Amino acid sequence: DPMPGCPDFDTDRITPPDVSKDAFFQKPEIDFARIKGWTAQFVGGTGQFYLSKRQAIRGVPNARLEANAQRTGRIILTPPAPIIVDHPFDTVEAWVYGAYHEGVALKVNFSQPSGPAFSISGGDEEYQPGGLIFSNWMLYRKRNPTRKIALAGTTITSIEIGPLPPGNYLF
């Protein structure tokens, strides 16, 4: 266990949901079964970013983040090179595992071939008072808040998770 102080939410009694193979992305822009070259920056704390067979929803290892925030911070994931999206889009979808806490959001940052950089962010508005949103798999789906269609050739430059109040996190 890379971070023994991080609570483990994936016990034997938590199993991946009964998800049809049709629900998986046929051609994902990012495949976190391979993370070679990706970097994880833990701002305001420490953490680990690695492949794990735990929570293997697709039967293959997935990227796993364990973080300990000593002060309010965030995690920034950066690919080895910007990831080119070869088709127009207006929505970000991802299968996410974790234990979200109040105010934590997932933000995907983009740059365009022409035009300003932009982000698609969300998650924090789904917090349920009194506890965790979830500690299992969830389909994350957010539309570009401007409702504009991003052009083919737009690139994914980074992914951010935060803000993370002090505490332990698993994603």
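Reader: Which residues does E160 touch, not counting residues up to four places away in sequence?
Author: With that exclusion, E160 touches R74, I75, I76, A105, L106, K107 and N109, where a contact means heavy atoms within 4.5 Å. This is a predicted model, in which local features need pLDDT of at least 70 and side-chain atom pairs count only at pLDDT 80 or more, while totals for chains, interfaces and linings use all residues. Residues are numbered from 1 along each chain as its sequence is written, and side-chain values use heavy atoms, with hydrogens and water left out.

Reader: Is E160 buried or exposed, and which strand does E160 lie in?
Author: E160 is buried, at a relative accessible area of 14%; buried means under 20%, exposed over 50%, and partly exposed in between, using a 1.4 Å probe and protein chains only. E160 lies in strand β8, residues 155–164, where strands are DSSP runs of E with at least two residues, helices are runs of H or I with at least four, and numbering starts from the N terminus.

Reader: What about E93, which residue does E93 form a salt bridge with?
Author: E93 forms a salt bridge with R141, and the closest N and O atoms are 2.3 Å apart. E93 is in strand β4 and R141 in strand β7, so the pair ties together parts that are 48 residues apart in sequence. E93 is partly exposed, at a relative accessible area of 34%, whereas R141 counts as exposed at 52%.

Reader: Switching to the core, which residues have the most contacts inside the largest nonpolar core?
Author: That core has 28 residues, and those with the most contacts inside it are L65, I75, F110, I161, L164 and F171; a nonpolar core is a set of buried Ala, Val, Leu, Ile, Met, Phe, Trp, Tyr and Cys residues joined through side-chain atoms within 4.5 Å. The elements giving two or more residues to this core are β1 (39–52), β2 (62–78), β4 (91–99), β5 (105–111), β6 (118–122) and β8. The largest share, five residues, comes from β2.

Reader: What does I75 touch, again not counting residues up to four places away?
Author: I75 touches Q41, F42, L65, A67, I159, E160, I161, L164 and F171.

Reader: Which peptide bond is cis, with omega near 0°?
Author: The bond from G162 to P163 is cis, and P163 is found in strand β8.

Reader: Last one, how many helices and strands does the chain have?
Author: The chain has zero helices and nine strands, and buried residues make up 39% of its 171 residues. Among contacts with a separation of 6 or more, 76% are between residues 24 or more positions apart.

Terms used
A salt bridge is a side-chain nitrogen of Lys or Arg within 4 Å of a carboxyl oxygen of Asp or Glu.
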